[in-house]
Number of protein chains: 2
Amino acid sequence: MQVGFIQFKVFFGQKKENIEKVAEFILKKKADLLVLPELFNSGYLFCSLRELHALAEPVPDGMTSRTLIQLARDHHVFIVAGLPERAGMNYYNSAILVGPNGFIGCYRKIHLFDTEKKWFTPGDNGFAVFDIGMAKIGMMICFDWIFPEAARTLALKGADIICHPSNLVLPWCQKAMLTRSLENAVYSITANRIGTEHNEGATLTFTGHSQIVSPKGEVLAAAAHDEKIITVDIDPVLARDKKITPNNDRFADRRSEFYEI
Amino acid sequence: MQVGFIQFKVFFGQKKENIEKVAEFILKKKADLLVLPELFNSGYLFCSLRELHALAEPVPDGMTSRTLIQLARDHHVFIVAGLPERAGMNYYNSAILVGPNGFIGCYRKIHLFDTEKKWFTPGDNGFAVFDIGMAKIGMMICFDWIFPEAARTLALKGADIICHPSNLVLPWCQKAMLTRSLENAVYSITANRIGTEHNEGATLTFTGHSQIVSPKGEVLAAAAHDEKIITVDIDPVLARDKKITPNNDRFADRRSEFYEI
């Protein structure tokens, strides 16, 4: 199974251009599963609810979802993509999973980062795993990485691959994701973005270095700080063996009666 | 507060010599808290219950506990040390915490590694945190590192410093402990051993590289692969601030209603 990410410079507010760039990348490389950054269509640094309202879309009926579904259909690829979701009076920092047969699922970011809390409603539909035949897919978004419970919950629910759209600004995530993959014996695909955003005095620079990590915590592919699509060939079945020694299984050895939650 | 570890070559079965070596190291350096390796007095590679029976001791009335208590009293230091505990018909891979005023607590390893399962009973008294005045101390042992729930549980129970006696043979722990410290905003002290043990055809080489990590996931001190006592000055109070941005607190932001356990 060919899996990968698209790392690129998202331009704030320019949804059409951002989506077109993604479409160009998809043309360049055959893949079964591609992960895009968090808020890949809108950009990150909202300064008002009005701004967010103008960019957010319903899922799966909005323009971005529909375009991604069409791309998935045309290129026979599954896509995980972060976007601002509008649902009634609420806005969510969401990720959707679409495939050749259409919309599959949506994850609403559970652990909001910093000023996201001003605009977004915290995710309210939990961590879910979707079986796409070739593999079982879990989604988490950016800052979810620091909570070990996020990846753990997805793995316990059966995820083989954790798709991780990101807009990283802190320096620690990429290394921590090696631990997330290793401790859960899952693949992880962190699709980060690059570029700098300025908005009303705030400035954020996104760190790039998107990566794909194996269930053994090995980096299978990593981007530098440029626009890039990278794919690697993986065997999702490897993520179903949780053994780490002949006598140790990461899941069977858990002793949840002693765990604080 | 001056905290550190003693990394050394444990000789299997030679309890007196191993304890004497520790005593010599303690003389060399002033510290408030010192962490010793897992099974620091006995060595690791047991081949029979008879062998384990001969080396295990009751806690805190055995010779090793009493000697450590005396050392703690004489040098006004708190000590965390791994040792094989005998309790009735059971043997535990345990760590004890002793101080100038005597015995404080015992942790029985909850996640047993590989062939340890042949000899030891899995820990049955949970993860506990002990307030020694200067700091709150949690203990976990070696392979507990791969289960994020271990360090998380200790941190949620208030540990400022996770003392981590180890006999590491796999290559991943030291890096993973950066994530454990960072995700929980706690200090961690991994006291590993060096040397190779052979016993009835089995061979294990212990990896050294003991380390002390800050609540920000920075390595404050790290050993190479030699015998060493290393201490650093830390402020345990820093481990009580769980903020990672002005709007994010590692603990307050947890959403346990969505976590699988």
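User: What is the relative accessible area of A:Asn41, and is this residue buried or exposed?

Analyst: Start with the cut-offs. Buried means under 20% relative accessible area, exposed means over 50%, and partly exposed lies in between (1.4 Å probe, protein chains only). A:Asn41 has a relative accessible area of 0%, so it is buried. A word on the model: it is predicted, so local features need pLDDT of at least 70 and side-chain atom pairs count only at pLDDT 80 or more, while totals for chains, interfaces and linings use all residues. Residues are numbered from 1 along each chain as its sequence is written, chains are lettered from A and ligands numbered from 1 in the order in which they are written, and side-chain values use heavy atoms, with hydrogens and water left out.

User: Where does A:Asn41 sit?

Analyst: Read the elements from the N terminus. Helices (H or I, at least four residues) and strands (E, at least two) are DSSP runs, numbered in that order. A:Asn41 sits in the loop between strand 2 (33-35) and helix 2 (49-55) of chain A.

User: Which residues is A:Asn41 in contact with, leaving aside its neighbours within four places in sequence?

Analyst: Contact means heavy atoms within 4.5 Å. With those neighbours set aside, A:Asn41 is in contact with A:Gln14, A:Lys15, A:Asn18, A:Ile19, A:Glu57, A:Thr64, A:Gly82, A:Leu83 and A:Pro84. The side chains of A:Asn41 and A:Thr64 also make a polar contact of 2.8 Å. A polar contact is a pair of N or O atoms within 3.5 Å; within protein, one must be able to donate a hydrogen and the other to accept it, and residues adjacent in sequence count only if both atoms are side-chain atoms.

User: How many salt bridges does the structure hold over all chains?

Analyst: Side chains of opposite charge can pair when their charged atoms come close. The rule for a salt bridge is a side-chain nitrogen of Lys or Arg within 4 Å of a carboxyl oxygen of Asp or Glu. Over all chains, the structure holds 32 salt bridges. In one of them, A:Glu116 meets A:Lys109 at 3.0 Å, N to O. A:Glu116 is buried at 3% relative accessibility. A:Lys109 is buried too, at 1%. Next, take A:Arg193 and A:Glu197: their closest N and O atoms are 2.5 Å apart. Both A:Arg193 and A:Glu197 are buried.

User: Which parts of chain B does the pair of B:Glu38 and B:Lys109 tie together?

Analyst: First, the bond: B:Glu38 forms a salt bridge with B:Lys109, at 2.8 Å between the closest N and O atoms. B:Glu38 lies in the loop between strand 2 and helix 2 of chain B, and B:Lys109 in the loop between strand 5 (102-108) and helix 4, so the pair ties together parts 71 residues apart in sequence. B:Glu38 and B:Lys109 are both buried. Salt bridges can also share partners: A:Arg180, A:Glu183, B:Arg180 and B:Glu183 are joined into one network this way.

User: How many aromatic pairs are there over all chains?

Analyst: A pair of aromatic rings is described by the distance of the centres and the angle of the planes. Rings of Phe, Tyr and Trp (its six-membered ring) pair if their centres lie within 6.5 Å; planes under 30 degrees apart count as stacked, over 60 as edge-to-face and the rest as tilted. The count is twelve aromatic pairs over all chains. B:Tyr44 and B:Phe206 form one that is edge-to-face, with 5.7 Å centre to centre and 70° between the planes. B:Tyr44 lies in the loop between strand 2 (33-35) and helix 2 (49-55) of chain B, and B:Phe206 in the loop between strand 11 (202-205) and strand 12 (211-213), so the pair ties together parts 162 residues apart in sequence. B:Tyr44 counts as buried at 7% relative accessibility, and B:Phe206 at 0%. B:Phe46 and B:Phe120 are also edge-to-face, at 5.9 Å and 80°. In chain A, ring pairs link A:Phe12, A:Phe46 and A:Phe120 into a cluster.

User: How many residues does each chain give to the contact between chain A and chain B?

Analyst: Chain A gives 46 residues and chain B gives 46 residues. The area buried between them is about 4,100 Å², with 63% from carbon and sulfur atoms. Buried area is the accessible area (1.4 Å probe) that two parts lose on being put together, summed over both. Eight salt bridges are counted between chain A and chain B. One of them pairs A:Arg254 with B:Glu149, at 2.9 Å between the closest N and O atoms.

User: Which element gives the most to the side of chain A that touches chain B?

Analyst: Helix 5 (148-156), helix 6 (173-184) and strand 15 (243-245) of chain A each give two or more residues to that side. Helix 6 of chain A gives the most, with six residues.
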